[in-house]
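Subject: Structure handover

Hello,

Here is the structure I said I would pass on. My notes on it follow below.

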Amino acid sequence: MNVRVKNPSVSPFKQGGENEVRVRFAPSPTGFLHVGGARTAIFNWLFARKHRGQFFLRIEDTDVARSGEEMVRAIFNGLQWLGLDWDGEVVFHSQRFGVYKVLAEQLVQQKKAYRCFCSAEKLQADREQAVQEKRTYKYDRACLRLSEDEIRARESAGQPYVIRLKVRDGQTAFRDAVYGDVKFENQQLDDFILLRSDGLPTYHLAVVVDDKHMHITHVIRGDDHLSNTPKHILLYEAFGWAPPVFAHVPLILGPDKQRLSKRHGATSIEEYEKAGYLPDAVFNFLTLLGWSPGDDREIFSRAELIEAFDLSGISKKSAVFDERKLEWMNGQYLNAMSVEEFAVLMIKRLQEAGLPDVGKSEVCSKVAALIKPRVRRLTEIPGMTSYFFHDPVSYDEKGAAKYWRDAEVVSVFEQISDRLADLNVFNAANIEHVFRSLAEELGVPAAQIIHPTRLALTGQTSSPGLFEIIEILGKDTVARRLQKAVAFLQIHTPAIQAAAEV
């Protein structure tokens, strides 16, 4: 698998220079790269690049049963599509299980953690009793009271156990770069598990050990992890390590102000690629979800975002994902492209839509220039452009009922066709003159001729400027399509008039 690495020689486990910023993006491969995870990755990447530090990628696959190679590949693909390169090799929790086990046992020897032999049945019964008594469940530390002889006897008998951290009394406090001073009462915390009975580490143990061994200086992550942070700080204390700086980023909400989920539409980064968005537009949009540069700017180059980004600009308030805003921003990026760049994307989309030879057409550049200001998503291109490359196979029914119900339409098409054929210079200005002159002669608004003709030439009721379309199509194609529309009307006018009366 090809991966995008900025500095291949950089080791995630080698201490960096003094005051060097080192951050990591650490997704779990139990699902695809979603919008919230992508924004977290972007914030970490921007912070590292701003401070000329290191940005590492770590796959937190402690949940072996739910982790999969397909998900890992999707994470890689999503990050690379967004243009996020990382430093050094990718770190996998699953390749370090032995390290975690040794350190967990070390805490047991230091009396900072202990073996818990309680069965799943006992723990479940205790939880149910807590529910009946309407109190918060908390492990009763039964195994902390076991004597050394009892512990050795149970181990000798092969009784399975987990390792729990012995949570100290008092408070756990830290200063978060987003939320400020945060305090937790330790009595509200359980003696949480570090090592499971199968020897695999929990998330809490693995994340703290790896952050320390990777010399991570700043942990920038979603605020759904805020409640995990006191546990992690207690672990840092138990190991005698200094914790990193924490910055917890508020969640992204859907338009209904609920946590963004599949019910709000696409949340996987891959889905936004399929939906016709540009990576730079998505990058720009996600950066501004919950972060502000301090002014009203909305369109940034990547270099400008790196220069402007700072943790102080992250809001405590959850951001709302507005896809209409993303569409607008994507349109801005598309319109800022050169015609040549846009034409390449247009041709690719049309070929995918079943027009393999479209790249050979001489009108591609003209079509690209005409539709570029109107496109907001690349998926719109086939519907906006296919009529340039083949005659319409049908006509919009509502449009026909609205614009083709008068019998005079046939005569209008015949007159337009004759006058366009007589033009010596076939350009948009002269074509417009033909339409407006005919409208004046007939004593009708120009729109009464333009709309029916647009439907005849494109099969649609909306399009870029009709006169520019006619110029691109050329005399012969326009004449053929108008003749085809006349033949259609001669057969279907009664049905169209009936539909218009409904």
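Predicted model: local features only at pLDDT ≥ 70, side-chain atom pairs only at ≥ 80, totals over all residues.

Overall form

The chain is built with 20 helices and 12 strands. Its radius of gyration is 32 Å, well over the 23 Å that the globule rule gives for 502 residues, so the chain is more spread out than a compact globule. Along the principal axes, the C-alpha atoms fill a box of roughly 105 × 55 × 40 Å. Of the 502 residues, 49% are buried. The accessible surface of the chain is about 24700 Å², and carbon and sulfur atoms account for 49% of that surface. Among contacts with a separation of 6 or more, 76% are between residues 24 or more positions apart.

Salt bridges

A search of the whole structure gives 31 salt bridges. I looked at several of them, as follows.

Aspartate 85 and arginine 49 form one, with the closest N and O atoms 3.4 Å apart. Aspartate 85 is in the loop between helix H2 (69-81) and strand S3 (91-92), while arginine 49 belongs to helix H1 (residues 35-50), so the pair ties together parts that are 36 residues apart in sequence. Both aspartate 85 and arginine 49 are buried.

Lysine 111 and glutamate 148 form another, at 2.8 Å from N to O. This pair also links distant parts of the chain, 37 residues apart: lysine 111 sits in the loop between helix H3 (97-109) and strand S4 (113-116), and glutamate 148 in helix H5 (residues 148-156). As for cover, lysine 111 is exposed, with a relative accessible area of 51%. That value is just past the cut-off, because exposed means over 50%. Glutamate 148 is partly exposed, with 40%.

Aspartate 322 pairs with arginine 324 in a salt bridge, and here the closest N and O atoms are 3.6 Å apart. Aspartate 322 counts as partly exposed at 32% relative accessibility, and arginine 324 counts as exposed at 66%.

There is also a network of salt bridges, which links Arg24, Arg58, Glu60 and Asp211.

A buried arginine with no partner

Arginine 454 lies in helix H18 (residues 447-458). The residue is buried yet has no salt bridge. Which side chain of opposite charge is nearest to arginine 454? That side chain is glutamate 468, 7.7 Å away. Leaving out residues up to four places away in sequence, arginine 454 touches Gly459, Gln460, Thr461, Ser462, Ser463, Pro464 and Leu466.

Two arginines with positive phi

Phi of arginine 52 is near 55 degrees, a positive value in a residue other than glycine. Arginine 52 is placed in the loop between H1 and strand S2 (54-59), and counts as exposed at 74% relative accessibility.

Arginine 141, likewise not a glycine, has a positive phi of about 60 degrees. Its place is in the loop between helix H4 (120-132) and H5. At 25% relative accessibility, arginine 141 counts as partly exposed. The reason is that buried means under 20% and exposed over 50%, so a value in between is partly exposed.

Serine 315

Where does serine 315 lie? Serine 315 is in the loop between helix H10 (302-308) and strand S12 (319-320). Its relative accessible area is 29%, so serine 315 is partly exposed. Apart from neighbours within four places in sequence, the residues in contact with serine 315 are Val178, Pro250 and Gly290. The C-alpha atoms of serine 315 and valine 245 are separated by 17 Å, and the two residues are 70 residues apart along the chain.

Regards

Terms used. Residues numbered from 1 in each chain as written. Heavy atoms only, no water. Helix = DSSP H or I, 4+ residues; strand = E, 2+ residues; numbered from the N terminus. Rg over C-alpha atoms; globule rule 2.2 N^0.38 Å. Buried < 20%, exposed > 50% of the residue type's maximum accessible area, 1.4 Å probe, protein only. Contact = heavy atoms within 4.5 Å. Areas by Shrake-Rupley, 256 points an atom, 1.4 Å probe, with all protein chains shown as cover. Lys, Arg positive; Asp, Glu negative; His and termini not counted. Salt bridge = Lys/Arg side-chain N within 4 Å of Asp/Glu carboxyl O.
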